[in-house]
Amino acid sequence: MYKPGRKLTLPSPPHLLLSLLLLLSIIIINATATATVNTKRFREAPQFYNSPTCPSISTKDMCSQQAVHVAMTLDFPYLRGTMAAILSILQHSSCPENTRFHFISSPSSTYLHETITSSFPYLRSQIHPFDTNSVSGLISTSIRSALDSPLNYARNYLANILPPCVRKAVYLDSDLVLVDDIAMLAATPLGTGTVLAAPEYCNANITAYFTPTFWANPSLSLTFSGRNACYFNTGVMIIDLERWREGDYTTKIVEWMELQKRMRIYELGSLPPFLLVFAGNIAAVDHKWNQHGLGGDNFRGLCRDLHPGPVSLLHWSGKGKPWVRLDENRPCPLDALWAPYDLMQTPFAIDF
């Protein structure tokens, strides 16, 4: 077999065609084997069907206002989490065939969509390339390197990335699973003029997300004046994309990121600009829709318990991810709730 760096000596003309055909066959076999390995890393998920009361939507219609539109980023480090999240959404949905997935990835990672469709052949989905160069120069180093990924900022540009026909979407992180019907989350009323909805946590100290430089500035310190500003996690949001576009909220967020490059006013990745623009002006969502923090803090990722109350969505925000801890044989107790949605093929997997 030919190896890179080794001189390839071609045979005499009578055997040239046969040799070229042999070489071509080897290339095709190797490529097929590689593709097989890539696609077989994940098992195929079962197909889920609508209940009789679901509205009928064409399988090709990616713009229907009767559909639930889910937006998620797609990259290799979190691919396993994304697969588990998709399975959990479909499994607990009353109208799974009416769910439309919009995956956002860097142009070099659009191939991951093939992996998704291999495990979910009937998934109604689209891939939307995100030019990470547009945001790379605006990212400031944060307390955890994973938070500095350009794709982590795609949510800022969601209204520009998704087609204008998509008027409302549920944005979800990849490190979560649902155990309830996503249609109920998507139906959260936004009220008049409100752009997004998310669970709020008013007992959290929102001032801690901003630097002393921010609070010492007479102008900046008045940013939250007149607003009952509460912390919210941007990993679970219902967004009115029409209102976002009309209000040009991407520009508002980018302006705060530009200021951050000139003077450090916050520490934690893509969250603070959302707080600066929206905190105190969002529609509330029941806390059961974001049992967050299961990945521990941003430094050690220690195990945590559930917050008191009912659970509709489990979110492993923080440093610790369930698939990593399971592979390293050091799972937290709650990681057992994520494991049933894991589609990763293992040498010991048994298909039923």
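These are my notebook entries on one predicted model.

**Ground rules.** I am working with a predicted model, where local features need pLDDT of at least 70, side-chain atom pairs count only at pLDDT 80 or more, and totals for chains, interfaces and linings use all residues. I number residues from 1 along each chain as its sequence is written, and side-chain values use heavy atoms, with hydrogens and water left out.

**Entry 1, the whole chain.** I looked up the secondary structure and found 11 helices and 11 strands; these are DSSP runs numbered from the N terminus, with helices being H or I of at least four residues and strands E of at least two. Of the 352 residues, 49% are buried, meaning under 20% relative accessible area with a 1.4 Å probe, protein chains only (exposed is over 50%, partly exposed in between). I also checked contacts, meaning heavy atoms within 4.5 Å. Among those with a separation of 6 or more, 75% join residues 24 or more positions apart.

I then turned to nonpolar cores, which are sets of buried Ala, Val, Leu, Ile, Met, Phe, Trp, Tyr and Cys residues joined through side-chain atoms within 4.5 Å. The largest has 51 residues, and Phe-210 and Trp-244 are among those with the most contacts inside it. Helix 9 (249-262) and helix 10 (271-278) are among the elements that each supply at least two residues of this core. A second, separate core of 46 residues includes Ile-89, Ala-283, Leu-314 and Tyr-341. Back at Phe-210, I listed its contacts beyond four places in sequence, including Trp-215, Phe-224 and Tyr-266.

I found Leu-190 in the loop between helix 6 and strand 6. Its relative accessible area is 9%, so I log Leu-190 as buried. Leaving aside neighbours within four places in sequence, Leu-190 is in contact with residues including Lys-168, Ile-238 and Ala-283. Leu-190 and Ala-284 lie 94 residues apart in sequence, yet their C-alpha atoms are 8.4 Å apart.

Not counting residues up to four places away in sequence, Asp-181 touches His-92, Ser-93, Ser-94 and Trp-289.
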